Amino acid sequence: EASCLRILQHGGRTDKMTLTPRQHEIVDAAMTLIAEKGIQNLTIKNIATRMGFSEPAVYRHFDSKYDIVMTLLSRFEEHGNQLLQEVREQEGPALKKIETFIFDRYKRCSANPDLAKVMFSEEHFQGDSRFSERMMGIMRRHSEEVYAIIAEGQEKGEIRKDVSATAVFRTLFGAVRLLVKQWCLSGFAFDLVSEGSSLWSAHQLMLKP
């Protein structure tokens with residue numbers, strides 16, 4: 001029987017998903033395949049082969065490759081949404097809130113390099129406008145939340161005001177993305193969290209009034 005899971009969107013946001021353990025396993029297998037061979041080689045057959053069961057067994061949980069990839073993206077978005085809600089409710093200065101968000105990314109990537117390869121390499125999704133638009137939507141919504149934290153920090157005098165919020169955001173997260181990509185290209189040859197900590201220390205020096 002096909003899964004009853006459907007990704008529903010209201011006002012540009014994704015409803016909280018409920019996935020079975022098997023669905024999580026299938027999404028994880030798909031993520032590994034994308035990381036290793038690119039999304040063009042992601043097929044139901046390849047997923048089934050990697051997991052050691054038949055194609056019909058995959059179809060019992062997802063209707064198509066499209067549903068699997070969209071679920072992967074939605075799972076990433078959901079975690080980001082939950083984290084940002086926690087960050088918004090967190091006591092303390094804006095830079096501390098931003099630090100929490102950034103280091104969650106570093107730690108998640110360190111624990112799951114396939115996630116880093118897929119979610120920090122948008123070129124995987126450029127071949128299908130549905131996937132690229134979904135990815136851009138996720139990035140835009142998360143960016144808006146972080147922009148708001150930066151602007152609040154500037155208003156309170158916690159972040160220098162002589163640099164625009166846009167420039168602050170690009171300085172911070174452009175550097176984060178570059179560091180993660182370097183880590184992936186190096187074959188994970190250095191400690192991402194440690195290097196991220198050094199980078200964050202430099203950013204704090206540049207951004208504090």
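Trainee: At what angle do helix α4 and helix α5 pack, and how far apart are their axes?

Mentor: Helix α4 (residues 65-89) and helix α5 (residues 94-111) pack at about 150 degrees, and their axes are 9 Å apart. Helices here are DSSP runs (H or I, at least four residues), numbered from the N terminus. The axes are lines fitted to C-alpha atoms over the stretch in contact, with angles running from 0 to 180 degrees between N-to-C directions. Before we go on: this is a predicted model, where local features need pLDDT of at least 70 and side-chain atom pairs count only at pLDDT 80 or more, while totals for chains, interfaces and linings use all residues. Residues are numbered from 1 along each chain as its sequence is written, and side-chain values use heavy atoms, with hydrogens and water left out.

Trainee: What makes α4 and α5 roughly antiparallel?

Mentor: Set the angle of about 150 degrees against the cut-offs: under 35 degrees is roughly parallel, over 145 roughly antiparallel, 65 to 115 roughly perpendicular, and the rest oblique. So α4 is roughly antiparallel to α5.

Trainee: Which residues make that contact?

Mentor: From α4 there are Phe76, His79, Gly80, Leu83, Leu84, Val87 and Arg88, and from α5 Lys97, Thr100, Phe101, Asp104, Arg105 and Arg108. Contact means heavy atoms within 4.5 Å. By class, these residues are five nonpolar, three polar and five charged. Ala, Val, Leu, Ile, Met, Phe, Trp, Tyr, Cys and Pro count as nonpolar, Asp, Glu, Lys and Arg as charged, and the others, Gly among them, as polar.

Trainee: Why is Leu83 called buried?

Mentor: Buried means under 20% relative accessible area (exposed is over 50%, partly exposed in between, with a 1.4 Å probe and protein chains only). Leu83 has 7%, so Leu83 is buried. Leaving aside neighbours within four places in sequence, Leu83 touches Thr100, Phe101, Asp104 and Arg105. Leu83 and Thr100 are 17 residues apart in sequence, yet 8.7 Å apart in space, C-alpha to C-alpha.

Trainee: And how do you know that α5 is roughly parallel to helix α8?

Mentor: Helix α8 spans residues 165-185, and α5 packs against α8 at about 15 degrees, with axes 12 Å apart. That angle makes the pair roughly parallel. In this contact Ile98, Phe101, Ile102, Tyr106, Cys109 and Ser110 of α5 meet Leu172, Phe173, Val176, Leu179, Val180 and Trp183 of α8. The classes come out as 11 nonpolar, one polar and no charged residues.

Trainee: What makes α8 and helix α9 roughly antiparallel?

Mentor: The axes of α8 and helix α9 (residues 192-207) come within 11 Å and cross at roughly 160 degrees. The two helices are therefore roughly antiparallel to each other. The α8 side of the contact includes Val168, Thr171 and Trp183, and the α9 side includes Leu192, Glu195 and Trp200. By class, the contact has 11 nonpolar, three polar and one charged residues.
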